[in-house]
Amino acid sequence: MKIDGLNKTDWLMMVLIAVILYDTDYSNLQAIDYVLLVSVTAWLIMLGIRLYVVNVKNKR
């Protein structure tokens, strides 16, 4: 199944994010960890919007 709008770099980002989040010590978060979590959340929201626009809005 091919998802239009999902690039190889998006897959790479998801793998790297999973590795980083797996290695994060959630009981001892520092400022850089909060920046990372906010950035990942913003990227995932923007990815969702981009995929919605490409796959739903452009198909009409």
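Arg50 is partly exposed, at a relative accessible area of 33% (buried is under 20%, exposed over 50%, partly exposed in between, with a 1.4 Å probe and protein chains only). This is a predicted model: local features need pLDDT of at least 70, side-chain atom pairs count only at pLDDT 80 or more, and totals for chains, interfaces and linings use all residues. Residues are numbered from 1 along each chain as its sequence is written, and side-chain values use heavy atoms, leaving out hydrogens and water.

**Exercise 1. Describe the secondary structure and overall dimensions of the protein.**

Step 1. Count the elements. The protein has two helices and zero strands (DSSP runs numbered from the N terminus: helices are H or I with at least four residues, strands are E with at least two).

Step 2. Check the extent. The C-alpha trace spans about 45 × 20 × 15 Å along its principal axes.

Step 3. Compare with a globule. The radius of gyration is 14 Å, while a compact globule of 60 residues would have one near 10 Å (taken over C-alpha atoms; the globule rule is 2.2 Å times the number of residues to the power 0.38).

Step 4. Buried residues make up 15% of the 60 residues.

**Exercise 2. Find the salt bridge and place its two partners.**

Step 1. Apply the rule. A salt bridge is a side-chain nitrogen of Lys or Arg within 4 Å of a carboxyl oxygen of Asp or Glu. The count comes to one.

Step 2. Name the pair. The side chains of Asp10 and Arg50 meet at 2.3 Å, N to O.

Step 3. Locate both ends. Asp10 lies in helix H1 (residues 8-23) and Arg50 in helix H2 (residues 31-57). The two are 40 residues apart, so the pair links distant parts of the chain.

Step 4. Check the cover. Asp10 is buried, with a relative accessible area of 4%. Its contacts beyond four places in sequence are Gly5, Trp43, Leu47 and Arg50 (contact means heavy atoms within 4.5 Å).

**Exercise 3. Which residues make up the largest nonpolar core?**

Step 1. List the members. They are Leu6, Ile17, Val40, Trp43, Leu47 and Leu51, six residues in all (a nonpolar core is a set of buried Ala, Val, Leu, Ile, Met, Phe, Trp, Tyr and Cys residues joined through side-chain atoms within 4.5 Å).

Step 2. Find the main contributor. H2 gives the most, with four residues.

Step 3. In soluble globular proteins, nonpolar side chains tend to be buried together.

**Exercise 4. Follow helix H2 and see which of its residues are buried.**

Step 1. Check its length. H2 has 27 residues and reaches 38 Å from first C-alpha to last, close to the expected 39 Å (1.5 Å times one less than its number of residues).

Step 2. Pick out the buried positions. In H2 these are Asp33, Val40, Trp43, Leu47 and Leu51. They pack against H1.

Step 3. Take Leu51. Its relative accessible area is 18%, and it counts as buried. Setting aside neighbours within four places, Leu51 is in contact with Ile3, Asp4, Gly5, Leu6 and Val56. Leu51 and Gly5 are 46 residues apart in sequence, with their C-alpha atoms 5.8 Å apart.

Step 4. Turn to Ala42. Ala42 is also in H2. At 33% relative accessibility, Ala42 is partly exposed. Its C-alpha is 23 Å from that of Asn58, 16 residues away along the chain.
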